[in-house]
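This report describes selected local features of one protein chain. Please consult the sequence and the three-dimensional structure shown below while reading.

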Amino acid sequence: MSKRVISICLIIIFLAGLAKHAFVDFDAEKSDSTLAQRIVEKNEVSDDTLVMWYTDPSMEEYISDVVLSYRQETGMDVQMVLVDGIDYLEKINNASVRGEGDCPAPDLYVTTHDNLMKAYLAGLASPIIDKEEKVVEDHFPGTALHAISCDGKLVAYPLYYETNFFLYNKTYMSSIAQSRIEDEADTKAGEQAQAEADNMADEKSQAESKDTTSEEESEADYDSDGENADIDEYDEPYGEEDEVAEQELLDRLATMIPSTIDDITTFANNYDAPEQVEAVFKWDVRDIFYNYFFVGNYMEVGGEDGDNNAIFNLYNQQAVECLSTYQGMNKYFTIEEEDNYDSILQQFIDGKLVFTIATTDAFAKIQQAQMEGKFDYEYGVAVIPDVNKLLLSRGLSVTDVVAVNGYSEKKEAANDFASRLSYDNSDSLYMKAGKLACKRDILYENSEINNVMTEYQKSMPLPKMIETSDFWLQLEIAFSKVYAGDDPDEVLRELSDTMGGQIEEITYSIPIQESIGAGVQTFFTK
């Protein structure tokens with residue numbers, strides 16, 4: 001009996017050990033994030049593990065998928081750490097230099113490009129190791145390359161971007177295009193009918209002047225079935241007429257999208273708006289990100305790379321004239337207190353606007369409204385209209401990048417993984433995270449989204465100079481003053497003086513007000 005009891009006890013102990021071992025293995029496989037959390041809590045990272053910091057929760061699925069494929073291909077793991085974006089670079093610096101904080105220091109991290117100069121000077125962003133030459137203009141637009149450049153070196157991998165663009169109600173515009181095509185067709189048909197009537201009258205007159213008509217000549221004009229022999233009879237392929245009509249509509253629509261602010265005012269003057277349309281054009285005039293396109297082509301801040309503090313030209317004739325045009329709009333319509341970006345986008349979704357200036361978050365919001373049956377239109381995307389035929393527009397852009405920590409001991413592996421994020425796997429970035437990849441030639445299911453890249457390519461990357469940290473607030477204040485009625489010349493001169501910019505004396509060849517254009521008063525149709 002005692003031997004039997006001992007045997008049973010041994011079996012129980014053995015089975016318990018197996019169960020514990022199986023449970024631990026299952027638990028480890030069940031959740032990599034649980035194991036990762038334990039690593040983070042202990043500040044322990046193995047030699048075959050990279051640590052990556054990021055701040056946007058929407059990026060989790062995309063990064064996780066790239067981590068999985070990277071692990072399978074290389075055997076190298078990547079520990080993802082979601083970090084609060086407040087004092088982000090300071091946290092990276094403390095973890096890298098002092099070993100402080102709750103998380104191990106990152107080998108690589110995601111940040112906005114305007115942080116790169118500060119990170120580079122602090123040793124937190126090192127020049128990239130791009131052995132396969134993926135980060136070149138053949139694969140990324142110049143805007144992205146300027147965004148990741150510091151001191152003539154590429155110090156990060158461009159991942160995704162944000163910029164603003166011209167958003168329009170395609171249903172309204174298509175309706176106008178269709179009406180114009182039909183009107184022109186009616187006019188052409190009328191002219192043709194009149195020409196045929198005139199021709200018949202001439203023929204009748206000529207026939208009456210003849211005594212006889214040869215019967216053989218008459219029969220020569222007809223075939224054996226009595227049909228006119230000069231008319232070639234053929235069967236038109238089914239649906240070809242519809243395809244031609246659709247292409248004609250698209251071609252006409254393309255010519256109707258406003259290319260200047262003056263075009264918008266002309267459109268508003270002649271637009272017979274549907275009942276639900278309350279305004280032709282609205283945008284957030286209180287946010288510099290949506291206003292900057294007025295002056296963006298004529299303000300030099302840091303040069304193309306945005307890192308040269310010797311280049312700071314805010315005050316010039318073109319910039320003053322652009323601000324004067326901006327001010328001219330306030331004479332004819334008023335933005336209500338509640339008209340911020342979100343409320344204006346909602347007005348567009350409700351069909352109350354024809355045109356607005358939007359950012360890429362608009363796509364997800366419109367798609368949600370479509371799913372809920374609250375957006376019954378089609379929309380289109382175009383580049384932001386120029387101020388007028390002489391003054392060009394240029395908006396701002398922000399590029400989120402992947403930087404490799406200069407303090408990392410695994411730089412080569414970190415560069416490899418960063419390259420996979422920004423280039424190899426970026427085709428799925430929008431589907432997994434709702435972000436527009438910086439990589440060229442990515443086709444989206446909604447073809448209108450492809451048009452945003454055109455605006456990004458001409459945009460001005462947010463300058464990364466440390467000296468410009470206060471500039472955007474000051475510029476936003478300047479726009480507010482001009483919109484309220486202050487003299488654009490004085491406001492811009494004062495801003496340039498405050499920021500230590502260059503002052504060039506302006507001799508106006510034409511009065512500023514002449515460049516504003518006519519008819520601005522009809523931005524609102526109701």
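## Helix α4 and its surroundings

In this predicted model, helix α4 spans residues 88-98, and its buried residues are Tyr88, Leu89, Ile92, Asn94, Ala95 and Ser96. These buried residues pack against three elements, namely the strands β1 (49-54) and β3 (108-112) and the helix α5 (116-121).

Gly99 follows α4. The phi angle of Gly99 is positive, with a value near 70°.

## Asp114, between β3 and α5

The loop that runs between β3 and α5 contains Asp114. This residue has a relative accessibility of 26% and therefore counts as partly exposed, since that class lies between the limits of 20% and 50%. The side chain of Asp114 forms a polar contact of 2.8 Å with the side chain of Thr112.

When residues up to four places away are not counted, Asp114 touches Val398, Leu462, Pro463 and Lys464.

## Packing of helices α12 and α19

Two packed helices are described by the angle between their axes and the distance between the axes. For helix α12 (residues 317-329) and helix α19 (residues 471-484), the angle is about 55° and the axes are 8 Å apart. The two helices are therefore oblique to each other, as an angle between 35 and 65 degrees falls in that class. The crossing of α12 and α19 is right-handed.

On the side of α12, the contact is made by Leu323, Tyr326 and Gln327; α19 contributes Phe479, Val482 and Tyr483. Classified by residue type, the contact of α12 with α19 comprises 5 nonpolar residues and 1 polar residue, with no charged residues.

## Lys439, a buried lysine

Is Lys439 buried or exposed? At 15% relative accessibility, Lys439 counts as buried, because the cut-off for this class is under 20%. Lys439 is located in the loop that connects β13 (436-437) and α17 (447-450).

The side chain of Lys439 reaches the backbone oxygen of Tyr423 at 3.4 Å. With neighbours within four places in sequence set aside, the contacts of Lys439 are His139, Phe140, Ser422, Tyr423, Ser426, Asp427 and Met453.

Key:
Residues are numbered from 1 along each chain as its sequence is written. This is a predicted model: local features need pLDDT of at least 70, side-chain atom pairs count only at pLDDT 80 or more; totals for chains, interfaces and linings use all residues. Side-chain values use heavy atoms; hydrogens and water are left out. Axes are lines fitted to C-alpha atoms, for helices over the stretch in contact, and angles run from 0 to 180 degrees between N-to-C directions. Helices (H or I, at least four residues) and strands (E, at least two) are DSSP runs, numbered from the N terminus. Angles under 35 degrees count as roughly parallel, over 145 as roughly antiparallel, 65 to 115 as roughly perpendicular and the rest as oblique. A crossing is left-handed if the near helix is turned anticlockwise from the far one by less than a right angle, and right-handed if clockwise. Contact means heavy atoms within 4.5 Å. Ala, Val, Leu, Ile, Met, Phe, Trp, Tyr, Cys and Pro count as nonpolar, Asp, Glu, Lys and Arg as charged, and the others, Gly among them, as polar. Buried means under 20% relative accessible area, exposed over 50%, partly exposed in between (1.4 Å probe, protein chains only). A polar contact is a pair of N or O atoms within 3.5 Å; within protein, one must be able to donate a hydrogen and the other to accept it, and residues adjacent in sequence count only if both atoms are side-chain atoms.
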